[in-house]
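Let's take a friendly walk through the charged pairs of a protein model. Have the structure open and follow along.

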Amino acid sequence: MGTSGRRVSVKEGRSKLVKWDDLRMEIIFNPRQNEIKMAAKALKDGHLVAFPTETVYGLGADATNIKAVSRVYSVKDRPTDHPLIVHISSINLLQKWALDIPEYAIKLAKVFWPGPMTLILKRNQSVQNFITGGQDNVGVRVPAHPIALGLLSEFENMGGEGIAAPSANRFRAISPTTAKAVDIEIGAFLKSEDFILDGGQSSVGVESTIIDCTESVPVILRPGAVTSEMIENLVGKFLVLNINKIKASGLLESHYSPKAKVEIGRLANPGEGFLALAEIPTPKGAIRLAAPVNIEKYAKDLYIALRFGDQQGLDTIVAIPPEGFGLAEAIRDRLTKASAG
Ligand code: TXA
Ligand code: MG
């Protein structure tokens, strides 16, 4: 608009629209239906929309548009052979993406979708290599977040078939669980036609459980809020983890890393960041980054706590991983990978 610097306009009501300058994307706080529709239209036109899900924020693109999807890779600086998860609004659209879906996968989908679970299935012939990284399978998820589901429905109403969305962070960094964290991660790489939809803090806080459904039994590739116990109760036997079989960047040994060095399983020294359940007191002189009262809260605040450590410029963050099964396994998985970084 000819003026330099930052331009901020606030719309009426609960909806706030912030525009930094003409080159930057808009962040829409608590988007209304018409704003979600506008974002869906942007996707349809080949632009990118970062949106909230119950796990973490995703960076969305039309999963059938090669140009849009290649921008996702460049914004994230992610290697192009790492496949993307396709998000759809309902199990009814699964056939567009997958073939030969095993009985147990349908069971899982019926019970846990919408929800924090991604199924790896044999891909339909129409699914492009730029989604699957050239593999003959595809990851699909129905997220459980009203804004994500609203965006998917509007997009599908416009003829869209699915939204490809990795976590909205730079490659190997921590997934964002707030719109602000998305902006810090990738805002500088988005354009004025793109959007960030702000739906508050993600309720789960760690990425979806990934289950490989291309064999006779399900195989958990990444632990998450749909736990091994929940899967076992529903479909019986499963193998826990087989990381050699499939290329998945979240399965790299070092991943989910803040800038600070993460160390686990010892007490923090003075000046170091400290993350542990509330029942574990803060060592003298350490900087408490979070004191979650239970495992759910630990997962929800995990990435916020690690980011908080980075904001304070800490060199080292010490974390005491939670014990036990279920969601605690997912937290331990992420902390172990962060500490390998
Ligand atoms: O909770 C989530 O899953 C979030 C939200 C936005 O839905 N998404 C997410 O996507 O975590 P991403 O790309 O950051 O992590 C997905 C992981 C990656 O490691 C990817 O390589 C793997 O899943 N993946 C995706 N499709 C796959 C496939 N067909 N086979 C094997 N791994 C796959
Ligand atoms: Mg990711």
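Arg71 and Asp194 are both buried. In this predicted model, their side chains meet in a salt bridge, with 2.8 Å from N to O. Arg71 sits in helix H2 (residues 66-76), while Asp194 belongs to the loop between H6 and strand E9 (195-198), so this pair ties together parts that are 123 residues apart in sequence.

Now turn to a second pair, Asp183 and Arg24, whose side chains also form a salt bridge, at 3.2 Å from N to O. Here too distant parts of the chain are linked: Asp183 is in helix H6 (residues 179-186), and Arg24 is in the loop between strand E1 (16-19) and strand E2 (26-29), 159 residues apart. Are these two partners buried or exposed? Asp183 has a relative accessible area of 16% and Arg24 has 18%. Buried means under 20%, so both residues fall in that class.

For a contrast, look at Lys41 and Asp45. They form a salt bridge as well, and their closest N and O atoms are 2.9 Å apart.

How many salt bridges does the structure hold? The total is 13. Some of them share partners, and in this way Glu207, Asp333, Arg334 and Lys337 are joined into one network.

Note on methods
Residues numbered from 1 in each chain as written. Chains lettered and ligands numbered in written order. Predicted model: local features only at pLDDT ≥ 70, side-chain atom pairs only at ≥ 80, totals over all residues. Heavy atoms only, no water. Salt bridge = Lys/Arg side-chain N within 4 Å of Asp/Glu carboxyl O. Helix = DSSP H or I, 4+ residues; strand = E, 2+ residues; numbered from the N terminus. Buried < 20%, exposed > 50% of the residue type's maximum accessible area, 1.4 Å probe, protein only.
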